[in-house]
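Biologist: I would like to learn how to read a fold feature by feature. Could you walk me through one?

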Amino acid sequence: MKNSYKELIEQTYYFPQEGFDLYDGTLHFNGIDLKKIIDTYGTPFRINYLPKIREQIKEARSLFNKAMAKHSYEGSYEFCYCTKCCHFSHVVKTALKENVSLETSSSFDIDLILKLYEQSALTKETTIVHNGIKTEEYIEKIRFLQKQGFEHTITILDSVQELDRITMHKLDRPIKIGLRITIDEEPQAAYYTSRLGINKRELLELVKEKIQPNPLLELHMIHFFVDSGIKDNLYYWGEFKKALQLYTQIKQLAPSLQALNIGGGFPIRNSLGFEYDYEYIVDEIVRNIKITCVEAQVSVPDIYTEFGKYTVGESGAVIFRVIEQKQQNDTELWYIIDNSLMNTIPDAWSINEKFILLPINKWEHSYKRIHIGGISCDHSDYYNSEQLNQQILLPAYEDKKDEDPLYIGFFHTGAYQDAISGYGGIKHCLIPSPRQIVVDKNEHGNLIDYLYRDEQSVSNMLSILGYDE
Ligand SMILES: Cc1ncc(COP(=O)(O)O)c(C=O)c1O
């Protein structure tokens with residue numbers, strides 16, 4: 001007896017599950033009929049489902065507010081969207097409609113903020129947290145923003161030298177600053193202490209000697225971010241507790257301190273078997289902050305988060321057509337897709353990130369072990385294992401002229417992939433950036449889709465390369 005791909009998935013995971021369902025034998029993603037989108041626009045394409053962004057913001061707020069109510073927490077929760085995970089205007093504007101604060105990471109980000117202001121997507125009241133290493137250009141633009149009357153900008157110092165560079169600019173009234181605490185990395189990391197942030201030895205001295213005596217500096221926020229994510233393990237809670245101890249020590253020196261920013265790091269579903277207890281983690285975060293502050297006899301801070309991947313990751317997918325099958329030996333069958341994986345989901349190649357991979361059609365077919373290959377000439381342009389599985393299983397089919405092609409999708413690819421792959425720039429082997437489709441809901445709650453950008457054109461790429469001069 002041959003089992004179908006559909007049976008395989010139903011027996012291995014809870015399926016259908018949030019965001020994924022089958023109708024008439026084809027996969028629907030958050031209610032989007034992907035086969036219809038394929039028939040309308042053609043592959044390959046990226047798709048962005050904006051309502052998911054709104055849902056994630058609401059969910060994070062609800063989790064924190066619930067935990068705060070439970071622990072009689074007197075501070076507030078602030079959801080900050082970090083632009084670096086997806087800068088597209090439709091994405092940032094969707095987040096802003098939920099009244100989020102923003103986090104910037106470089107000088108161009110300030111131009112992005114000014115554009116959003118020009119387009120009335122934010123106001124001078126919007127809170128903006130400036131992270132990242134401050135080049136002279138970045139500092140100048142932050143100062144420009146402050147002089148334009150953006151009252152709620154918080155410049156997070158990444159080093160002691162940054163403070164000197166900022167105070168070299170004539171400050172005419174107090175500015176809000178924050179301090180990023182350096183964290184120690186996980187034991188298996190390539191180095192012990194992160195290059196980001198100010199090391200713990202220098203912090204207290206900096207506060208006592210340079211910040212507190214300066215009436216033009218108002219220390220408002222402590223920032224710390226464990227880059228490997230918020231995980232329920234000894235390492236994460238160890239770093240978290242060290243940061244809390246520092247927070248209370250600094251608060252005793254600087255009463256203006258009011259906020260603790262725990263950065264990003266909330267995970268997303270990268271497998272249909274993904275499990276993570278968001279409610280428990282948030283509860284632990286809030287409970288630990290409260291306990292530590294009560295013990296140290298300081299007031300609790302407002303809690304800021306800068307969830308990037310969590311906000312937009314699950315809103316995105318990239319869909320391909322299998323253009324050819326290649327049986328390279330008895331056991332290795334390749335499905336060659338109509339773009340490059342290195343160019344479209346670069347995290348899969350560079351940091352071995354996994355995404356949910358599912359076929360769009362042929363769910364009734366039997367399945368086979370498959371390697372997926374991109375059309376670049378690079379041997380690294382492949383994907384052949386999943387988060388919970390060292391192999392990939394996909395529907396088998398005959399590679400014949402009259403047989404419908406197989407379409408496959410990598411899901412939850414909405415964060416970082418465009419920025420890291422340099423959307424619309426020079427591409428490996430000149431394989432163009434795929435078209436981008438946006439899906440939203442109209443005022444009646446019905447899905448609407450539109451082409452945001454067509455596939456990158458040859459003239460665009462050759463022009464970047466100087467061929468039209
Ligand atoms: C300072 C800071 N905040 C937030 C984020 C977002 O992290 P994530 O996408 O894991 O939530 C990053 C990611 O690099 C970061 O550097």
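Biologist: Let me begin with a pair of strands: which residue stands opposite T155 in β8?

Modeller: H130 does. Before going on, a word on the source: this is a predicted model, in which local features need pLDDT of at least 70 and side-chain atom pairs count only at pLDDT 80 or more, while totals for chains, interfaces and linings use all residues. Residues are numbered from 1 along each chain as its sequence is written.

Biologist: How should I read such a pairing?

Modeller: Strands of a sheet pair through backbone hydrogen bonds, either parallel or antiparallel. Strands here are DSSP runs of E with at least two residues, and helices are runs of H or I with at least four, both numbered from the N terminus. Two strands pair if DSSP finds at least two bridges between them. In this case β7 (residues 128-130) and β8 (residues 153-157) run parallel and are joined by three bridges.

Biologist: What does I319 touch, leaving out residues up to four places away in sequence?

Modeller: Contact means that the C-beta atoms, placed from the backbone, lie within 7 Å. By that test I319 touches L34, I38, T43, P44, F45, I47, I360, Y407 and G409.

Biologist: How do I read a nonpolar core?

Modeller: In soluble globular proteins, nonpolar side chains tend to be buried together. A core is a set of buried Ala, Val, Leu, Ile, Met, Phe, Trp, Tyr and Cys residues joined through C-beta atoms within 7 Å. Buried means 20 or more other C-beta atoms within 10 Å of the residue's own, exposed means 12 or fewer, and partly exposed is in between. Here the largest core has 114 residues, and I222, I319 and I408 touch the most other members. Helix α3 (residues 50-70) gives this core its largest share, eight residues.

Biologist: Why does S228 count as partly exposed?

Modeller: Because S228 has 16 C-beta neighbours inside 10 Å. S228 lies in the loop between β10 (217-223) and α9 (234-253).

Biologist: Into which domains is the chain divided?

Modeller: Domain 1 (5-48 + 319-464) and domain 2 (73-307), with bounds from an automatic or database domain assignment. Their centres, taken over C-alpha atoms, are 35 Å apart. In the contact region, 18 residues of domain 1 meet 12 residues of domain 2.

Definitions and conventions. Two residues are in contact if their C-beta atoms, placed from the backbone, lie within 7 Å.
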